[in-house]
Amino acid sequence: MKTESKLEKVLTSGALAVTSEVGPPRGAIPEKVRQKATLIKDHVDAINVTDNQTAMVRMSSWAAGVIIKQMGLDPILQMVVRDRNRLAMQSDIIGAYSMGINTMMCLSGDHVKFGDHPMANGVFDLDSVQLVQTVKKMRDEGKFQGGAEIKTPPKMFIGAAANPFADPFELRVMRLAKKVKAGADFIQTQCIFNLDKFEKYMEMVCDRGLDQQVHLLAGITPMKSAGMARYMKNKVPGMDVPDEVIKRMAGVSKEEQPEEGIKIAIESIQRLKEVKGVHGFHIMAIEWEEKVPQIVEKAGLFPRPVL
Amino acid sequence: MENFEPEIVAFCCHYCAYTAADMAGSKRISYPSNVKIIRIPCTGKVDAIHIMKALEKGADGVYVAGCLEGDCHFKNGNTRARHRVEYVQKYLEELGWEPERVAMMNMSAGMGEFFARTALEFTQKIKQLGPNPIKHMNINKNQKAVS
Amino acid sequence: MITAEQKPLNEIIAYISPYDRILLVGCNECVTVCSAGGRKEVGLLASALNLHFLKQGRTIDIKEMTLERQCDPEYVEELVSEIDRADAILSMACGCGVQTIAERYKEKPVFPAVNTKFMGASESQGVWVERCKGCGDCMLGITGGICPVARCSKHLLNGPCGGTSNGMCEISPDVECAWCLIWERLKALGMENRYEEIMEAKDWRPAGGGGPRKIIREDLSL
Amino acid sequence: MQKLKNSEDNKSNDKSVLVIGGGVGGIRSALDLAESRRNVILIDKSYSIGGLMTQLDRTFPTNNCDLCTISPHLSENTRQIHLDLKPMTQLEQLTGETGNFKATLVTEPRYIDMDKCTACGECYKHFPEAVRFTPGLDPRAPTCMRYPQATPYAFSIDIEKITDITALKKVCKADAIISDDTQKKIVIDVASIVLSVGAEMFDPSVLDNFGSGQFENVVTGLEYERIMSASGPFQGDLVRVSDKKRPQKVAWIQCVGSRGINKADVPYCSGVCCMYALKEAMVTKERFAESIETTIFYMDMRTFGKDYELYLNRAKNDYGIRMIRSRPHSIIENSKTKDLSITYAVEEAALQKTEEFDMVVLSTGFRIPETTIDLANRLGIELNPHNFAKTDHFNPVVTSKPGIYVCGVVESPKDIPETMVQASAAASMAASDLPAIMDMPEDENTFVPERDVSGEEPKIGVFICDCGLDIGGVVDVDKLVEFAGTRTDVVVSQAVGYGCSSDSMALIEASIKTNNLNRVVIGGCSPRTHETKFQDLMRRAGLNKYLVEIVNLRDQNTWAHMGQPKEALDKAFKLLGIGISGVRKSRPLMDQTLPMNQNALVVGGGVTGMTAALQLAGQGVKVYLVERAPVLGGLAKSIRKTIEGDDVGPFMNQLIDDVTAHENIQVLTRSIIVDHSGIPGRFKTGIQSGPRMNYMQLDHGVTILATGALQNRPDAYGLGTHNSIVTQFDLDALIEDDPEKIKAMNQVVMIQCVGSREPENPNCSRICCQTAIKNALRIKAIDPDIQIFILYRDIRTYGFQEDYYREARNLDIKFIKFSIDNKPEVWVENDRVSVFVDDMILGRKIQFETDCLALSTGMVADDETTEDLSMMFHLPRTLDHYFLEDHVKLRPVDMSVRGFFIAGTTHSPKTIRESITQAYAAAGRAQTLLAKKEINLGASIAKVDGTKCAACLICVRACPFSIPYINEDGYSYIDPAKCQGCGVCAADCPAKAIQLLAFEDDQIMAKLDGLFGGMN
């Protein structure tokens, strides 16, 4: 074991891990964090806490993570390279670890253009790969990125993201390999709707032996409506929603569409469980956290292992 | 304002608009005498500065008249002229001047009536807008220069 | 080339309003090439300012001059003969030119008439695009001649983020994804393996993170 | 005059060429000859030249009025020292023979002195009936000038309509009326004659079924043009004659009086009516309203010219013009509404339909009038059965009488581009009866040396015309003179009456000399018409011709503001202010000239290239004939017979022998062009030649491209899979070489438009209909019992080819129409070829088993060759890879780069006869350059100040002609020999480093100052 992370323990045990996420509130409302976490606490192994998601200012991810930690749960600290330079990020990592957070995700982050401060300067002092490297160096070598020694280094279980669907496809596995090489212990993928393409991706992942080096959690998002499906296809960069999925959603009445979306999510999990290299699932039920338990249960991922 | 007779400069290309003006004359079609034509080989020759300087020197309105789009004797001089006129219009707007004081027009050599009609319409528009706001200053300036 | 764009007229007018005699100075280098501050733009701006002030009932005296290069003191020296007749200088050069003038003529206020934009290349007539951030540590040799610092919206050094679609950047369907371009180029060059190497965290000191930069050629300096 | 080298032959340089007929064709011929420094007399029976084209509203395929493109051609006339224009003149008698004709010319009285008439229009105003004016519908509209740029720009009086000649004389302030004008007769020596009298349009009022001349809203195509024309009776507004309302539904009926067998019909096809109907329908929608319904009733849509098929597609697809394949038999008028109903048969279903229209246009074709038949008799030339000039089968501009050539519609029906080609060809042939151009002496320079005015302060003379009452009647010329006299630097200010009259010109010239003037302002009419005249005056007075400024006091002032004398006077002051202020900044400029290299390069050794080479060589021009193949001959070498029945082989062999033997022609076979540089008149082209590919560089002044086209062999209808499936080219050879094999056949099927008029090759290959009919007739001649079926989309036997089409139908050759959506199918089973096709009339599929399936595959451009050459020579191509000429209508063999000409099938598909015509035309056009020792390129060119140039490339990119480049010194260079003078670069230059000479910024500013600073 590299860390104290519960997620690491689950994954090492060989069980399929389940994670989900909580988006911190846009205000000093700690109850909101607790509420959301409570909805999913029994059905997941760890909870991602997003970092100024979609470039909108929110409660800082480490603070929200501490709230979750205080509930006795296991937060995953998301950290984007967009908002902080390497000094700020490293100090936040030490801070979070000091408050008991031991798992984190290293991300690029959406461009500021999309958020509520488009006039802000994106920092991007490091990129996500370099952040993975930095966290690993802090943990394994006990050194800051600049080379100085850390007194009691933070031991983070390191995650990174992968989008199997963004362009160019052929680069996607190579980019994953790069993140693994940089030191990623686990990967959460972008939402998967095009299962065929994802399976092809996983084949390539396995061909390179990456499944032996990293735990890959497949991203699952239940869709509420055909409109959402269309929106994701057309408006969200790097998203691949096949027309059949939209057709299937649109094929049922408006009232039945949420149920259909959940059904699709469950079927996807069931199919992907069998795919070599998939070590778990990351369920992103955006503003729909209450459905996570149902999905986890129906997909046969419940109860969660107790370690 | 009733007695206001604007001074209007029309940069006309040799091949079409200037010929159209001659046509209007040969057909004895009347148009406001306010319009004074300066002949150029192609409207593509008209620089934004020429238009600005005409206003600066006291023109109440300036227009550039070339061949019909697609018919330019020099391929695309008239489309370039249109872009420049639009540029000057934006500039004037920034200055708080009426962009309508400058315009681009297109006509073929045979369109004498059209020349006269556009000259009339443009003159009427300038009459509505009133005199070039710096005209009085220019007269002062000229007098100063003389004295 | 350094690119620039004329400032809004209102801003320029606000700067020079207090003065009666303006020396309007263009530059025959970059800003001429990008049609922001050459002889022609100097003429246009002078004309526009005249229109404005005359309308206000004011006559101001604008002297137009265009120097070969405003960022060289010797050329800036050419203003000497005119400087006494001016209350203020309005420069249409890039920031370098404005500062060279300010340094030489300390007693006269200098105002910029253009916004200096970026180091760019011309894509087609009238279109200029950013190509270099002047980061001081050129990595084009390993990125197939396409700069991720200048052309990736997130200056990512290790490949495209997840927002790429159809070769375009997430910020706009009109902006090409630098990493897609790099990858295509590397493939074409048979250098795919370049991509696999992790590019270490960039040292931003040469990019200006280490304070104002300077180049000294010992052999040339007097 | 230089002593002639060959005094024994009849070629004499003081002889002229007589061009009869001043339509566009005659003008082109005359101008080509005059530009080649040949003396020409152009006669026309009308009082102004221009012919039919000047009556048209717009012309296809550009759909522009193009009067501004033709008007320089017309006014060029008056400038040519070699050209004598005689309007209202006819040939009465011709004697002698080629080289030594004596022509008797009779000029009718005009009753107006052309030198004095200023076209003020006073005579027309007071005696509208007395002024001659002919164009259609309403002959009184609107200025009584046939067109705005009429040449000569003078009126003409119909004396019979005048009762009080003194009153008429009184209104003419120019004193131009010659009341006792009489017919004049002269006899002149001419070496050769070009006949270009055109034809008349058929008058359909003799037909009883269409109501022409009876129903007001039935008009002919030409009348419709007049209605739409800006200089027509309704000032360019499309309205019905009956109620002056805009029609909402217009129909065209094609082939009215053509392609028929009834009493008033002619059998031939007029070739232009399909295109003009499409044009009129498109212009109707374009100019008046999208919503106007346009319908064309046609028999075959004959859009066979270059890119005309695209024009047809545009008409159908983009404009939504309705096409009905039917020949209506009658029109009935509703006597109340004057609406018209057309009854016609529907092809697909055997039924009749009746439909109402607001207006019906009868597309009538060309007819040779009796006067032309008389003229032909006087000339002694033979006519063909249709009364058109009979011409040589391999040279359509050569008549039955040596020394007499024809061009345009009098030879056969044709459109403007083809007329222009023939006109240049006829000029070229006519010139070959004169001494070779290389032997001609140089024209004398009649001007005194120019005085150097640099360093002088401006000394301006202002001369103001009163133009009779045209200027003087509206504004007080004395006040203008007084005003001008007060302006800075004006030393002379004076009224000159009619400034353009010879006595006034002499007065101005004298004033320049005595007062030592160095700038001149003329206050008069438009510089468009009179600038050259006053520029010549300047040169006579020893001043640079760019030091004169013409102030347009008449056309743009007193004419337009004649009702407001006060305003006109004020404007005249200001216009003079502009002119005087401007002329102070004008500079002496040099016209750009270049010495000509008088060699020619002809690329392509087929029938076209060889013909052009021989023609030029005959004029003493050294010709390099470059051919890629090891032997001369090209595509024509593989053709056996023409539709007229002539053997191509012997003709070609003779041509090859003549070319090979000619001392002025250097034949370079197995040669390819590898590089090219230089400027028009001084080209350098590198070739690699012979089996070793040796490099050599050729110096030449002009280039003729005659690289031909390729036989099309598309992968269609089983071509190449069975030896009974052949192309028409193959069949042509088979008929000649193996008639026995033909005899053994029972049934032959031909399919038209194979690989043409298809999406991948959208144009019509033009030659295939006549080729198919040619081959079918030859098969019938071998064995009349062989059944022949021709499957077609439209039969396009234009002109007299229609005779062969009719003959084919009479011989029971079956023509079956198919549509592009339902093409025939070909099956090969048990070595037998079968063709299936839907018969539209029978409404069912029919099957033929055939012994020979001949595919009319036509031609495709030689993409590879034209691409290479277009890159090397910087020449444009069409979308289907033929070369694209400079102006599809008016300059059909000139390329956009001066000094380049095209001819033959590299221009577009055409027959051997047509290729030969174009070859002569290209040779003729080339001579207009080669005849000059130098080329004048004008003075208004862009000039770069290198010290200001920032090498930004903006001019390089902005120039519409790609002339500027950054030179070795690092600044922009604009080649004065190539600059076209538009000034786009000068306006765009961000460093203000470019000035357009004659229109410099300081001059434009000075003009503005003259207008605004001027009144203090």
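This is a predicted model: local features need pLDDT of at least 70, side-chain atom pairs count only at pLDDT 80 or more; totals for chains, interfaces and linings use all residues.
Let's begin with chain A, which holds 11 helices and 8 strands. Of its 307 residues, 52% count as buried. The contacts in this chain also tell us something about its fold: among those with a separation of 6 or more, 79% are between residues 24 or more positions apart.

Now zoom in on helix H1 of chain A, residues 6-13. Which residues of this helix are buried? They are A:Leu7, A:Glu8, A:Val10 and A:Leu11. These four lie on the same side of H1(A), because they cover an arc of only 165° around the axis.

Next, turn to chains B and D. Here 46 residues of chain B are in contact with 47 residues of chain D. Several elements of chain B each supply at least two residues of the side that touches chain D, and the table lists them.

| Element of chain B | Residues |
|---|---|
| Helix H1 | 17-26 |
| Strand S2 | 35-40 |
| Helix H2 | 48-56 |
| Helix H3 | 77-95 |
| Helix H5 | 135-146 |

Which element gives the largest share of this side of chain B? That is H1(B), with 8 residues.

Conventions
Residues are numbered from 1 along each chain as its sequence is written. Chains are lettered from A and ligands numbered from 1 in the order in which they are written. Two residues are in contact if their C-beta atoms, placed from the backbone, lie within 7 Å. A residue is buried if 20 or more other C-beta atoms lie within 10 Å of its own, exposed if 12 or fewer, and partly exposed in between; C-beta atoms are placed from the backbone. The arc is that of the directions from the helix axis to the C-beta atoms.
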